[in-house]
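I wanted two things from this model: the surroundings of the ligand and the contact between the chains. My entries follow the display.

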Amino acid sequence: MSDKSHGTGGLTFDKSKRQWPNELNVFGALILIIVIFEILGAIYVGQSLLFDSNNRFDSIFNEQRLRIIIIQVAIVGIIALGVTQVIITAGIDLSSGSVLGATAMIAMSFAQVSEVNGGPNPKAIFGPAFLDLPVVVPVMVGLGCGIIAGIVNGVLVAYSRIPPFIATLGMMLFARGVAQWWSKGNPVSFPTEAYSKIGAGMMPVIIFLSLAVLFHLIMNYTIYGKHTYAIGSNEAAARMSGINVPRHLVLVYAIAGMLAGLSAVILTSKNLTAQSGMGLSYELDAIAMAVIGGVSLFGGRGSIIGTVIGALIIGVITSGFTFLRLGAYYQEMVLGSIIVGAVALDQWQQQRAATRS
Amino acid sequence: MSETILETKGLTKHYGGVHALEDADFILEKGEHVAIMGDNGAGKSTFVRQITGVEQRTRGTIVFDGTEVNFSGPLDAREAGIETVFQTLALADDLNVPDNLFLGREKTMFNWLGPFRILDYKTMREATLAGLEKTAVKIPNIRNTIANMSGGQRQCVAIARTATFASKLTIMDEPTAALGVQETAQVENIVRTLKEQGESLILVSHNMRQVFDLVDRIVVFRRGRIVANLNKDDTDGQDVVAYITGAKTGAEYEGAA
Ligand SMILES: Nc1ncnc2c1ncn2[C@@H]1O[C@H](COP(=O)(O)OP(=O)(O)O)[C@@H](O)[C@H]1O
Ligand SMILES: [Mg+2]
């Protein structure tokens with residue numbers, strides 16, 4: 001140890017002792033994966049994955065593929081923003097995909113038009129009083145459904161001390177049941193024009209990135225974020241410090257539920273229909289994004305930025321395999337391996353930190 | 001001097017059938033440093049937990065700084081001015097030094113934002129540096145998470161809370177039990193600094209040399225009861241050991257144990 005770090009009071013912001021942010025490692029992994037695909041692309045298909053190798057665009061990038069990559073991860077990415085916060089508290093949320101499914105059916109039922117091609121809406125769920133409603137109604141219903149599911153999760157976890165895995169597994173089955181029961185398996189279709197604009201075009205991406213920025217700020221600069229990390233890091237210490245841990249957990253799960261509800265609104269708007277199977281296994285994709293992005297399943301560590309990069313890694317891999325014309329099964333094998341690798345790395349880091357102190 | 005900061009009368013804690021603490025009468029004057037000694041399981045930590053509101057006592061009264069208190073939780077005690085360094089460190093590994101010092105009582109701005117009110121990092125950082133300076137605690141970089149710090153550095157972080165919050169009473173439960181020689185010396189230096197600053201202190205310790213180095217008075221616990229109250233200058237290590245093991249019991253406590 002140098003003298004410098006041992007002065008009275010240790011009043012140093014000694015730069016050499018600054019920690020290396022984990023997000024840079026995740027970002028490095030993203031770059032590495034891109035490089036691998038570029039090389040494989042050059043060898044096997046004679047094209048570039050992300051760059052404009054055929055001069056079809058004004059920029060140097062293949063804008064079309066970039067857009068596809070980010071649109072396909074945006075909706076699950078919104079869920080992943082909430083799941084990230086839950087995992088940082090050392091919890092897990094397995095219900096988000098099913099909550100999306102149930103919310104899709106319910107919210108869409110409040111977004112329907114009365115007339116389709118001159119005749120009455122053949123898919124109408126409710127009577128005329130509930131058709132042609134202003135767009136805020138289905139949006140509020142969607143967010144509300146998500147928040148309610150999240151609060152139930154949070155109360156189960158925080159007050160009845162049911163392990164998060166079981167509590168949210170129960171919600172996962174329950175919400176999927178609700179989705180199927182809602183219209184007896186029939187799709188809910190024909191939304192109002194205003195509703196169909198919510199998820200049109202690049203809107204999912206814009207919403208995803210705006211929320212990512214918002215939650216990045218919240219997690220880093222507000223008391224909510226600080227307590228979320230503190231609870232995941234050492235729940236007993238958080239309790240001892242006077243943090244109302246149960247109440248905070250309910251808030252975290254409620255936010256995660258709200259984001260699942262919002263994804264349902266965006267997805268149904270984009271697809272112009274709601275189906276009871278919507279969001280199937282999205283919870284796993286969202287968890288994968290967070291874990292690949294460096295969010296620790298032990299709690300306390302990880303960030304929104306990490307999860308966004310994790311989402312991009314999944315997007316690049318998915319597009320990359322299609323681009324290389326390889327089957328989806330290879331893609332899933334690789335993704336599975338990366339997830340296990342990321343958790344193994346985290347475990348290893350955790351053990352190393354434990355033995356050092 | 002001779003103004004009482006803490007007084008307990010008949011302080012008792014039963015865990016079901018376990019009588020962990022029985023009728024403890026204890027007095028601490030302002031600015032005084034007192035050691036609590038005793039075998040493992042003697043009830044020292046239990047005593048600390050009753051004073052600091054971590055647990056609710058079975059019976060007895062606690063008078064702190066002139067008023068009878070009933071802390072409903074550790075935060076209550078802390079707000080009243082009792083800072084505690086617990087035997088098991090109450091620190092969050094993934095947070096940095098200021099975050100840990102201010103955990104649960106963060107300085108914030110825009111408080112109308114409720115749970116999303118903004119952290120005033122600058123103020124907290126400055127207060128942390130001032131606190132570390134007062135206690136001469138050495139930390140390489142306060143912006144790093146404490147996960148990679150040594151046991152001694154963490155213990156110092158926990159102790160620095162005291163200096164940062166200008167408390168009226170500091171309680172340390174075996175602060176050096178898990179530390180190496182050098183780290184122990186560092187913690188002991190902090191304790192001396194606190195003495196110079198007139199801070200009242202209760203130090204739970206097994207380390208005889210440390211106790212005789214640092215405190216004015218030694219209180220011995222045995223099987224949940226106080227069995228001796230000794231001025232440092234009127235006693236020695238052998239004497240204290242005799243009380244700890246039960247070979248001797250203080251005159252005023254005869255018949256108690
Ligand atoms: N939460 C508890 N439940 C039951 N018994 C306890 C509890 N905490 C402490 N005890 C018992 O109370 C006695 C005193 O413990 P403690 O105060 O930790 O001793 P010390 O700190 O002096 O080593 C021990 O016999 C211990 O087993
Ligand atoms: Mg103890």
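These notes take the ligand first, then the interface.

I worked on a predicted model, where local features need pLDDT of at least 70, side-chain atom pairs count only at pLDDT 80 or more, and totals for chains, interfaces and linings use all residues. Side-chain values use heavy atoms, without hydrogens and water.

**Ligand 1.** I listed the residues with a heavy atom within 4 Å of the ligand. Among them are Tyr15(B), Asp39(B), Lys44(B) and Arg49(B). By class, I found four nonpolar, five polar and three charged residues in this shell; Gly counts as polar.

I then checked polar contacts (N or O atoms within 3.5 Å). A backbone N or O atom of Lys44(B) sits 2.8 Å from a ligand 1 oxygen. For Ala42(B), the backbone distance to a ligand 1 oxygen is 3.2 Å. The side chain of Arg49(B) places an N or O atom 3.2 Å from a ligand nitrogen. Ligand 1 alone exposes 560 Å², and the protein buries 62% of that (Shrake-Rupley, 1.4 Å probe). H1(B) gives the largest share of the shell, four residues (helices are DSSP runs of H or I, at least four residues).

**Chains A and B.** I counted contact (heavy atoms within 4.5 Å). Chain A contributes 39 residues and chain B 43. Together they bury about 3400 Å², 60% of it on carbon and sulfur atoms; this is accessible area lost on being put together, summed over both.

I found two salt bridges between the chains (Lys or Arg side-chain nitrogen within 4 Å of an Asp or Glu carboxyl oxygen). Asp99(B) and Lys226(A) form one, at 2.8 Å, N to O.

Note on methods: Residues numbered from 1 in each chain as written. Chains lettered and ligands numbered in written order. Polar contact = N/O pair within 3.5 Å; in protein donor to acceptor, adjacent residues only side chain to side chain. Helix = DSSP H or I, 4+ residues; strand = E, 2+ residues; numbered from the N terminus. Buried area = accessible area lost by both parts, 1.4 Å probe.
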